[in-house]
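Here's a quick briefing for anyone meeting this structure for the first time. Have a look at the sequence and the 3D view, then read on.

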Amino acid sequence: MRKRLKGSAPARRPDAPARAAETELTCYVRRGWTPRIEPASARRDWMTETPESFAYRCLPLAVANSHGWVVLNPFGFSARWHGGVDARSVEIVLDKGADPKKAAHSLFGSGTLTFHVDGIMRTSEGWNLWVGGPPNTMKDGIAPMSGLIEADWSPYTFTMNWRFTRPDVWVRFEENEPFCFFFPTPRGVVDGLKPELRPLEDQPDLLETYEGWSASRNAFQEWVKRTKPTAPADQWQKLYYRGLKPDGSPGPADHESKLRLSPFRQTGSRRVCPVDHRAKKTDD
């Protein structure tokens with residue numbers, strides 16, 4: 001399975017390794033491995049259930065939701081932690097018909113639940129794989145752990161781990177519920193940055209733009225309080241959402257309001273991903 005990410009490689013430090021012009025993301029699968037992988041959805045139940053689904057107006061939130069791919073749980077199960085540090089202190093009850101060989105396990109102790117990921121991930125030279133739980137998804141009683149993998153050379157599989165936050169609480173994972181979220185990220189960029197704190201006055205143009213936006217936002221909020229518009233589209237400014245500057249002029253041409261990630265393309269003589277991507281619909 002292979003997906004090529006469009007776009008040139010990010011700028012690199014002089015001592016960083018050269019990166020391919022096109023970044024590759026490949027999942028190599030052995031016989032018997034059947035990972036369920038698909039592009040992450042921007043939708044979240046709790047966001048949809050907010051009044052008028054207003055949570056989706058926060059574009060950074062919605063884009064983060066879909067900024068990668070997810071691995072889906074092969075079957076439902078329930079689990080709870082009894083509070084001990086031993087691996088046996090986690091109790092797991094699988095749904096009827098589940099394959100124990102593909103189930104989550106308690107391996108590391110200390111209230112940790114471990115999912116195995118069927119596949120060895122490969123990225124282009126100089127790229128890591130950021131792995132964690134689905135962004136902006138909350139589960140009561142358990143929280144995802146995150147990891148960064150040098151997937152351009154590692155010949156190893158990895159696990160996705162969740163840690164219980166309190167004992168004696170049953171936690172439920174449904175079939176096809178995402179338990180792992182991942183996306184490529186360039187190596188050697190963050191530690192090469194030299195962060196600074198500066199007064200906003202050092203950038204007069206930015207200060208002027210910010211103050212203009214702040215005044216217009218205050219005026220808009222006062223207008224909303226006074227007129228109480230009923231149409232949802234009239235209840236927020238939408239400047240950032242539309243990629244517009246405070247004066248209404250266009251922002252960058254590559255502003256993203258929606259991500260359309262491709263599914264992992266099936267190659268080879270046998271089918272290894274049970275998710276039928278041809279039948280799936282993208283988010284509206």
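Is Lys 102 buried, partly exposed or exposed? Lys 102 is partly exposed, with a relative accessible area of 31%; buried means under 20%, exposed over 50%, and partly exposed in between, using a 1.4 Å probe and protein chains only.

Keep in mind that this is a predicted model, where local features need pLDDT of at least 70 and side-chain atom pairs count only at pLDDT 80 or more, while totals for chains, interfaces and linings use all residues. Residues are numbered from 1 along each chain as its sequence is written, and side-chain values use heavy atoms, leaving out hydrogens and water.

**Salt bridges**
- The structure holds eleven salt bridges, each being a side-chain nitrogen of Lys or Arg within 4 Å of a carboxyl oxygen of Asp or Glu.
- Lys 102 pairs up with Asp 118, with the closest N and O atoms 3.2 Å apart.
- That pair links distant parts of the chain, 16 residues apart: Lys 102 sits in the loop between strands E6 (90–94) and E7 (112–116), and Asp 118 in the loop between E7 and strand E8 (120–123).
- Asp 118 counts as buried, at 19% relative accessibility.
- Arg 187 and Asp 152 form another bridge, with their closest N and O atoms 2.7 Å apart.
- Arg 187 lies in the loop between strand E14 (178–186) and H3, and Asp 152 in the loop between strands E11 (147–149) and E12 (159–164), so this bridge ties together parts that are 35 residues apart in sequence.
- Arg 187 is partly exposed at 23%, whereas Asp 152 is buried at 17%.
- Arg 198 and Glu 196 meet in a salt bridge too (2.9 Å, N to O), and both are exposed.
- Asp 95, Arg 172 and Glu 174 are linked in a salt-bridge network.

**A buried asparagine**
- Asn 65 belongs to helix H2 (residues 59–65); helices (H or I, at least four residues) and strands (E, at least two) are DSSP runs, numbered from the N terminus.
- Asn 65 is buried, with a relative accessible area of 0%.
- The Asn 65 side chain reaches the backbone oxygen of Ala 42 at 3.0 Å.

**Cysteines**
- A search of the whole structure turns up zero disulfides, meaning pairs of cysteine sulfur atoms within 2.5 Å.
- Cys 27 is buried at 2% relative accessible area, and Cys 180 is buried at 0%.

**Leu 206**
- Leu 206 is found in helix H3 (residues 204–227).
- Leu 206 is partly exposed, at 48% relative accessibility.

Conventions. A polar contact is a pair of N or O atoms within 3.5 Å; within protein, one must be able to donate a hydrogen and the other to accept it, and residues adjacent in sequence count only if both atoms are side-chain atoms.
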